[in-house]
Amino acid sequence: MTDVVLSTERLFKSFGALKATNDVSLNLRKGEIHALIGPNGAGKSTLIQQITGHLASDSGTVRLMDEDLTGVGPAERARKGLGRTFQISSLAMEHTVLQNAVLGALGQRGNVMSFLKPVMKDDQLVSAAKAALAQVGLAEFAATRTADLSHGQRRQLEVAVALTLKPRAFLMDEPMAGLGLEGAQQMIGLLTELRKEAPILLIEHDMDAVFALADRISVLVYGEVIATGTPEEIKVNPEIRRAYLGDEVPA
Amino acid sequence: MLNGLQFGVMLFLMSAGLTLVFGVMGLINLAHGSLYMIGAFAAAAVAAATGSFVLALMASLAAAALAGALIELTIIRRLYDRDHLDQVLATFALILIFSEGTRWMFGSFPLFLDVPPMLAGPVTLPGGIEYPAYRLSIIVIGLLVAVGMFALINRTRVGIRIRAGEADREMIAALGVDIAKLYTFVFALGAALAGFAGALVGAIQSVQVGMGEPVLILAFVVIVIGGIGSIKGAFVGALLVGITDTMGRFLLPQIFALFLEPSAAVSVGSALASMLIYILMAGVLVFRPRGLYGVA
Amino acid sequence: MTRETWINVAALAVLLGVPLWALMADEPFIITLATRAVIFALAGVGLNLALGTGGLVSLGHAAFFGIGGYAMGILASHAQAYTPIMEAPFLIEGTKSMPVIWLVAMVTSALAALAIGALSLRTSGVYFIMITLAFGQMIYYFAISWPAYGGEDGLSIYKRNEFPGLNTLVPMQFFGLCFAILCLTLLLMNAIHKSSFGLALSAARQNETRVLSVGMKPYHLRLVAFVISGAVTGLAGALFADLNRFVSPTMLSWQMSGEIIIFIIIGGVGRLFGPVIGAMIFILLEHTLGGLSEFWHVYLGALLLGIVLFAKGGVIGALAGREKAHD
Amino acid sequence: MKLRSAALAAAMALAGATAQADVKVGMITTLSGGGAGLGIDVRDGFMLAVKQAGRDDLEVVIEDDQRKPDIAVQLADKMIQSEKVDVLTGIIWSNLAMAVVPAATAQGKFYLSPNAGPSPLAGKGCHPNYFNVAWQNDNLHEAAGAYANDSGLKNSFILAPNYPAGKDALTGYKRFFEGELAGELYTKLGQTDYAAEIAQIRASGADSVYFFLPGGMGISFLKQYAASGVDLPLVGPAFSFDQGILQAVGDAAMGVKNTSQWNKDIDNATNAAFVETFQAEYGRQPSLYASQGFDTANLLISAMGKADVADADAFRAALKAAEFDSVRGDFAFGDNHHPVQNIYVREVIKEGDVYTNKIIATGLTNHADAYAADCKM
């Protein structure tokens with residue numbers, strides 16, 4: 001399985017009696033979009049946080065390109081190539097759009113501790129940032145204050161910042177949430193392009209988007225992966241119907 | 001030990017209001033020490049006029065609660081949505097106003113406030129220890145207030161609202177509770193507790209301008225150790241600080257005397273003792289950055 | 001140039017112009033006042049990096065101010081008494097040379113900031129405010145009760161320290177020295193603000209997870225900011241001690257920390273020149289209100305309250321408006 | 001009322017009154033914040049003497065130091081550089097005095113101390129232009145030690161705050177006290193709760209307690225001591241038993257012995273007149289600090305009568321002669337320009353509703369200080 005970029009092996013995490021993730025093993029292969037679906041409270045965000053290192057797992061390992069990430073902090077994981085977008089936009093709101101993207105490029109290059117050179121005159125960083133903005137379609141908003149962006153534009157900027165990191169894998173937590181129909185279409189187009197750069201682990205509620213984009217889908221219920229497969233397989237899987245619609249529905 | 005307990009109880013009276021205000025409204029109030037001072041001055045003024053200690057205590061409660069309600073209505077409520085920096089600054093400004101305002105009204109000399117004759121002098125405790133009766137009553141009153149606070153928070157309608165307010169402001173507004181009134185009430189309650197503490201303590205210490213700030217800093221140490229917003233934490237923290245400080249003052253010079261010459265031991269020991277509670281606080285925060293009972 | 005730039009230039013012009021006028025009018029005390037404003041501004045500029053850019057509300061910066069002051073006091077008092085500070089394991093002599101004193105002041109306060117910051121930055125929000133306050137108080141009580149260097153009485157230096165080529169006892173020359181240092185520091189801070197470090201630090205203030213998820217550690221960024229900030233405030237402390245030829249634990253008190261914050265708030269948080277304008281206004285108020293009434297603190301308090309409640313962004317904010325809104 | 005005339009003088013000074021007064025005095029004292037009572041008393045005592053002298057060649061500029069050393073230094077700079085005063089006075093606290101005095105005297109100004117008397121200024125750091133009209137810091141404590149010997153005390157428990165003046169105080173007491181020490185304690189500066197210390201006193205087996213706890217600390221200690229049931233005799237310096245503070249201590253202070261170089265019952269005409277006029281002018285009894293302010297002003301006025309302030313040597317000699325009627329009776333300066341005077345032992349009594357002191361003994365007669373020998377002048 002040399003084409004596996006990111007994998008989790010037997011991840012557990014519980015909060016008191018609540019098992020948020022229960023024995024989760026997943027993998028993300030080169031060039032694919034792997035969607036993670038499941039009802040609210042199924043533990044999708046917890047899982048993402050475990051993968052990015054924001055939450056420590058009770059047990060289990062996360063591997064990126066065969067490297068065990070146990071005990072590695074979120075900042076190092078990002079540097080090693082996990083590019084993440086957030087469920088709730090997480091940007092430096094007072095900075096301009098370009099500054100946010102430069103921040104990502106800076107993170108990718110490392111060596112933040114430079115005190116005298118004006119960072120916005122660093123051609124290397126700025127051109128990397130501008131390229132990412134152009135890729136998501138935000139080039140003309142480079143000088144806008146991030147707080148003045150629309151909701152959809154902030155989502156795009158999130159993706160652009162993740163892009164500047166030149167990640168090996170993207171982790172995207174509901175990038176379509178709150179986008180209108182048009183915005184969602186744009187985002188779908190963007191993600192289709194992006195998977196060529198790095199595979200995407202995608203959490204999404206918008207089923208149309210999921211079935212349009214995903215190469216594989218995993219279903220998470222009560223912290224457990226109950227099925228993984230192609231969109232077609234998932235569509236017909238009786239267990240999933242039961243999980244979503246309730247036990248009383250006959251298989 | 002008993003002294004540490006009593007010091008701790010006094011600190012609790014002071015910190016309970018502070019931690020309540022922080023827990024419910026998310027406000028750091030540096031002017032809490034001024035309310036303490038107002039309580040003491042009101043008590044001293046009333047005691048001088050009427051000679052009654054009970055009336056004096058009532059006056060301290062009333063004056064501090066009134067002052068608290070007044071600043072809540074005019075100033076503090078504008079600060080709830082601000083960041084901590086603005087709160088620190090605005091309440092720092094209130095300290096300046098209150099301190100000099102009090103000096104304006106009462107003059108620069110300390111006022112007189114004495115323990116009631118009934119409680120003057122020592123009592124003999126089981127075990128043959130002599131202990132001042134007044135201090136013993138402070139311990140009792142402090143514990144009663146602690147019990148009362150727990151009961152208020154956990155058993156009454158107001159308490160339920162306060163707890164709800166800690167959890168979610170919009171939520172209780174949606175439930176039809178008048179949040180503004182609730183906040184004024186909580187702030188006045190915290191102020192009254194501080195004023196009450198000021199009056200109780202004023203009787204055995206000096207009633208003077210600037211008496212609030214040292215206690216204020218101690219109270220902050222207490223609530224930070226206990227975990228901000230937690231009444232239980234304030235109680236445990238207060239006792240911990242009270243006992244650490246008292247025992248440290250007593251024991252450290254003796255410990256140093258074991259391996260230093262006496263005058264150096266006294267001097268090094270006392271120097272360290274005065275830093276002890278801050279060391280305690282730093283220690284607690286290093287290992288539990290949210291205090292002992294703070295929510296993560 | 002933006003309006004804020006004009007205001008900044010005007011502030012510097014006033015700060016330089018007033019003592020020049022005073023020199024002409026033979027009012028040396030005004031020069032002393034201006035020097036005081038410059039030094040306070042420097043302390044504020046130091047804190048502003050942590051507080052304005054980094055969002056770290058430190059209520060213990062007087063510790064660094066005082067440590068800088070004591071670095072000067074201790075070095076100079078030994079030099080004045082011709083006694084070495086320590087002989088074993090190696091000889092350290094006192095000195096009266098300002099550049100050496102400044103270096104020592106900055107290094108010691110940076111080290112103190114490193115230790116205090118390393119522990120304090122594990123917490124955040126109110127806890128951070130309180131733990132920095134606690135460390136400040138710790139050092140304050142230590143200074144009061146440590147007998148070797150005067151305890152509460154403080155340390156007096158009979159003559160101002162020396163700077164090659166200048167007579168520092170002439171008020172205007174000492175002012176010039178402090179003013180030059182302030183300008184250099186402002187340039188430095190401006191560079192830091194625009195550097196990659198500055199970008200990352202202010203991003204960490206706005207959104208910690210964002211910084212983490214692009215692979216940077218907010219803790220490291222903040223610690224470095226705290227150390228630089230402490231060092232600059234320490235330098236201001238050394239100059240302040242030299243201005244007064246005196247250092248005492250008052251420089252370490254929490255009211256001092258509060259005052260440094262006040263400079264920043266009056267001028268405008270996070271603005272490069274915020275502390276400069278704030279310190280100028282504070283000195284002006286102290287000087288004029290203090291003469292009006294014994295109870296001038298009441299007016300100061302009321303004014304401060306007004307600024308916090310109604311003029312968010314301080315004086316620069318009120319005059320220049322929000323930076324980006326008018327671009 | 002007095003405040004207004006003082007402010008007026010200050011205002012006139014600011015306006016740069018054209019009729020240049022012959023002697024210009026800069027008073028830097030604590031008028032706001034904690035401890036303001038002391039500065040106000042010194043000022044009022046001083047201004048009372050100025051008013052009584054009725055001289056129009058004496059101008060006083062008054063500023064508030066807020067009890068902050070750096071403000072005091074700044075004010076001194078202002079007085080010297082802008083106001084061009086000839087004489088400085090007024091500082092209450094030793095740490096402020098240490099910040100201001102060496103620089104002021106080095107610039108050729110006279111400094112008359114109405115209160116603080118830190119030991120360096122009496123010994124190695126003495127200066128011809130520095131005169132202390134109150135006492136050297138150790139004096140009252142030394143007298144207390146001597147008094148303890150006289151009254152047959154053998155085993156004292158002593159305590160003071162952990163700061164230089166506190167250490168000087170206990171050193172001063174020990175310098176004269178010949179008995180044993182049952183215990184020696186340094187408390188935190190500004191401490192308000194003394195339960196632990198009182199417990200140690202109780203356990204120590206001492207026959208007396210000597211304490212130096214200025215300001216609010218003393219009030220707290222006395223109240224708590226009285227309530228504790230420990231009934232060992234207490235001795236302290238006058239600071240905790242002064243007119244301003246005594247009313248706040250109340251009954252707890254009754255009968256306590258304290259040492260002072262002045263009391264309102266010292267029998268001389270100047271003192272009687274001072275007590276009466278002060279009461280009439282300000283509506284309160286004069287305190288120790290007021291008496292010191294009063295004496296300081298009278299010393300200055302006596303020197304003005306004999307010499308021109310422009311002639312520094314003559315003016316210095318006139319100050320040194322100290323030919324004025326002190327409220328303390330006999331008063332002279334030693335070679336280090338610190339007082340040589342009697343120090344009395346007082347007892348707290350109640351006159352009607354007002355707590356006050358009466359002299360019961362003389363602790364030390366014509367006492368100078370321990371540092372005079374170090375002064376090379």
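## A look at chain A

In chain A, 47% of the 251 residues are buried. Keep in mind as you explore that this is a predicted model.

What is chain A built from? It holds nine helices and 10 strands. The radius of gyration of chain A is 19 Å, close to the 18 Å that the globule rule gives for 251 residues, so chain A is as compact as a globular protein of that length. If you follow the C-alpha trace along its principal axes, chain A spans about 65 × 40 × 35 Å.

Now for the contacts inside this chain. Take those in chain A between residues at least 6 apart in sequence: 67% of them join residues at least 24 apart.

## Which chains touch?

Let us move on to how the chains meet. Four pairs of chains touch, and the pair with the most contacts is chains B and C.

Some pairs do not meet. Chain A and chain B share no contact, and their closest C-alpha atoms lie 13 Å apart. Chain A and chain D do not touch either, with 34 Å between their nearest C-alpha atoms.

## Where chain C meets chain B

How many residues of chain C are in contact with chain B? On the chain C side there are 34 residues, and they are in contact with 36 residues of chain B. Three elements of chain C give two or more residues each to this side: α5, α10 (254-267) and α12 (296-310). The most comes from α5(C), with 14 residues.

What kinds of residues does chain C bring to chain B? By class, this side of chain C has 26 nonpolar residues, seven polar ones and one charged one.

## Where chain C meets chain D

Chain C also touches chain D: 25 residues of chain C are in contact with 26 residues of chain D. On this side of chain C, at least two residues each are supplied by α2 (28-53), α5 (125-145) and α11 (274-292). Which of these elements gives the largest share? The answer is α2(C), with four residues.

Sorted by class, the side of chain C that touches chain D has seven nonpolar, 12 polar and six charged residues.

Terms used. Residues numbered from 1 in each chain as written. Chains lettered and ligands numbered in written order. Predicted model: local features only at pLDDT ≥ 70, side-chain atom pairs only at ≥ 80, totals over all residues. Contact = placed C-beta atoms within 7 Å. Nonpolar A, V, L, I, M, F, W, Y, C, P; charged D, E, K, R; others polar. Rg over C-alpha atoms; globule rule 2.2 N^0.38 Å. Buried ≥ 20, exposed ≤ 12 C-beta atoms within 10 Å, placed from the backbone.
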